[in-house]
Amino acid sequence: MRVAISTGGGDAPGLNAVIRAIVLSAVRQGWEVFGVERGFGGLLGSARVVPMDRESVRGIVHLGGTILGTTNRGNPFRWPMLQTDGTWAEVDRSAEVLESFRQLALDALIAVGGDGTLHIAYEFWSRGLPIVGVPKTIDRDVSGTVMTFGFDTAIQTATDAIDKLHSTAESHERVMVVEVMGRHAGWIALNAGLAGGADVILIPEIPYDLEKVYRKIREREARGRHFSIVVVAEGARPKDGEVTVKAPAEVGGVERLGGVAERVAVRISEETGKETRTLTLGHLLRGGSPTTWDRMLGQRFGAAAVRAVAEGRFGHMVSLDPPDVVLVPLEAVTGKANPVPLDADALLTAREIGICMGD
Ligand code: F6P
């Protein structure tokens with residue numbers, strides 16, 4: 001067997017653990033393994049495909065990022081190409097990927113990525129490519145799996161940051177507004193906010209009413225708590241408004257969210273008279289050494305993907321269904337979001353202990 005691995009979309013801690021497990025398990029099967037660099041784009045034009053062996057994955061399990069590189073503008077069905085008139089347009093180059101795959105005499109591709117990558121994987125599988133997906137995202141917004149690797153490291157980093165903000169918030173009697181990633185899912189904000197002892201958590205699933213936030217801050221003032229911590233997900237929006245977009249979608253890409261913390265902080269300051277400061281954690285949440293949990297899940301997913309290839313279970317994605325790692329059809333998960341359910345236990349817990357959820 002000749003098997004290739006690619007990593008696509010935003011990087012997440014645990015990707016190298018997946019790569020390592022895939023390479024080691026595949027080599028033990030006696031297969032040849034190849035790494036496709038920078039997502040599916042590595043199979044376009046002069047293919048960027050490198051042979052991999054035990055040596056290529058030595059000492060990487062604890063490293064963040066991906067040794068194969070990645071991009072979130074790497075959809076071969078919507079590839080950005082410069083036109084003769086100087087503008088950019090999306091071009092379908094999927095046939096070139098299929099051709100490279102044949103030319104390289106590959107038998108299988110293991111595609112590691114988030115909802116975008118898994119959707120591309122599904123499209124290729126529908127066109128006959130033998131492909132197995134591995135879900136990845138710090139946002140935990142992929143459906144069909146209880147957990148993705150990267151999320152645990154991201155919430156640990158966010159919780160550490162929130163912990164450190166408490167003392168300065170209290171010393172200066174300020175309201176600190178912390179913005180975390182997550183796109184249109186509030187998992188990071190909810191988990192890190194709850195673990196970090198936030199007073200207010202705003203998530204995309206619950207459009208916020210700032211009057212409720214002011215009330216919470218005033219209540220705390222009245223109780224002699226002259227500071228507050230507000231955690232806001234980048235995809236949160238007011239009940240009568242839109243998400244805050246930092247940059248519109250580039251050709252072949254998606255819009256970039258960001259800026260909601262500033263928006264919220266200005267209003268809090270105007271309405272409550274409190275001094276506010278903002279902190280956007282941004283890409284910090286994608287970095288660092290993966291937690292034990294993310295290394296474990298990454299390696300379990302990697303080994304399970306090789307098992308799936310050995311069994312010919314193409315068109316599937318590995319998924320955590322505790323305590324097992326199982327396979328689910330890509331068709332069943334692609335295009336489906338995984339928002340925080342309004343009856344999620346963590347959300348109920350937040351409400352029950354008095355955290356304001358903005359409603
Ligand atoms: O999906 C992961 C993620 O980090 C999101 O939380 C965030 O909105 C997005 O990627 C940022 O992507 P970029 O790498 O384009 O800044």
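Val-309 touches Met-1, Val-3, Trp-31, Ala-108, Ile-110, Val-132 and Phe-314 when residues up to four places away in sequence are not counted, contact here meaning heavy atoms within 4.5 Å. This residue belongs to helix H8, which covers residues 292–310, where helices (H or I, at least four residues) and strands (E, at least two) are DSSP runs numbered from the N terminus. Val-309 is buried, with a relative accessible area of 2%; buried means under 20% relative accessible area, exposed over 50%, and partly exposed in between, with a 1.4 Å probe and protein chains only. From Val-309 to Val-245, 64 residues apart in sequence, the C-alpha to C-alpha separation is 40 Å.

The structure described here is a predicted model, in which local features need pLDDT of at least 70, side-chain atom pairs count only at pLDDT 80 or more, and totals for chains, interfaces and linings use all residues. Residues are numbered from 1 along each chain as its sequence is written, and side-chain values use heavy atoms, with hydrogens and water left out.

## Domains

The chain is divided into domain 1 (2–149 + 290–322) and domain 2 (154–286 + 341–352), with bounds that come from an automatic or database domain assignment. The C-alpha centres of these two domains are 33 Å apart, and 15 residues of domain 1 are in contact with 14 residues of domain 2.

## The ligand and its shell

Around the ligand are Asn-72, Ile-138, Asp-139, Met-181, Gly-182, Arg-183, Glu-234, His-283 and Arg-286, a residue being near a molecule or strand if one of its heavy atoms lies within 4 Å of it. Domain 1 and domain 2 each contribute at least three residues to this shell. By type, the shell divides into two nonpolar, three polar and four charged residues; Ala, Val, Leu, Ile, Met, Phe, Trp, Tyr, Cys and Pro count as nonpolar, Asp, Glu, Lys and Arg as charged, and the others, Gly among them, as polar.

| Residue | Distance to a ligand oxygen atom |
|---|---|
| Asn-72 | 3.0 Å |
| Glu-234 | 2.5 Å |
| Arg-286 | 2.8 Å |

Taken alone, the ligand exposes 400 Å², and the protein buries 80% of that, with accessible areas from the Shrake-Rupley method with a 1.4 Å probe and, for residues, only the protein chains shown counted as cover.

## Helix H5

Helix H5, residues 187–195, has Trp-187, Ile-188, Ala-189, Leu-190, Ala-192 and Gly-193 as its buried residues. The cover over these buried residues includes helix H4 (151–172), strand S8 (175–180), strand S9 (200–202), strand S10 (228–233) and helix H10 (345–352). After H5 comes Gly-197, whose phi is positive, near 70 degrees.

## Backbone geometry in the loops

Most residues other than glycine have a negative phi, and most peptide bonds are trans. Arg-38, in the loop between strand S2 (32–36) and strand S3 (49–52), has a positive phi near 60 degrees although this residue is other than glycine, and Arg-38 is partly exposed, with a relative accessible area of 40%. Ala-105, which is not a glycine either, has a positive phi of about 55 degrees; Ala-105 is found in the loop between helix H2 (94–103) and strand S6 (108–113) and is partly exposed, with a relative accessible area of 43%. A cis peptide bond, with omega about 5 degrees, joins Pro-322 and Pro-323, and Pro-323 has its place in the loop between strand S14 (316–321) and strand S15 (324–329).

## Two further loop residues

Val-251, in the loop between S11 and strand S12 (256–257), is partly exposed, with a relative accessible area of 27%. Leaving aside neighbours within four places in sequence, Val-251 is in contact with Arg-73, Pro-80, Trp-88, Ala-89 and Glu-90, and the C-alpha atoms of Val-251 and Leu-82, 169 residues apart in sequence, are 10.0 Å apart in space. Gly-241 lies in the loop between S10 and strand S11 (245–247) and is buried, with a relative accessible area of 15%. The C-alpha atoms of Gly-241 and Arg-78 are separated by 30 Å, and these residues are 163 residues apart along the chain.

Note on methods. Polar contact = N/O pair within 3.5 Å; in protein donor to acceptor, adjacent residues only side chain to side chain.
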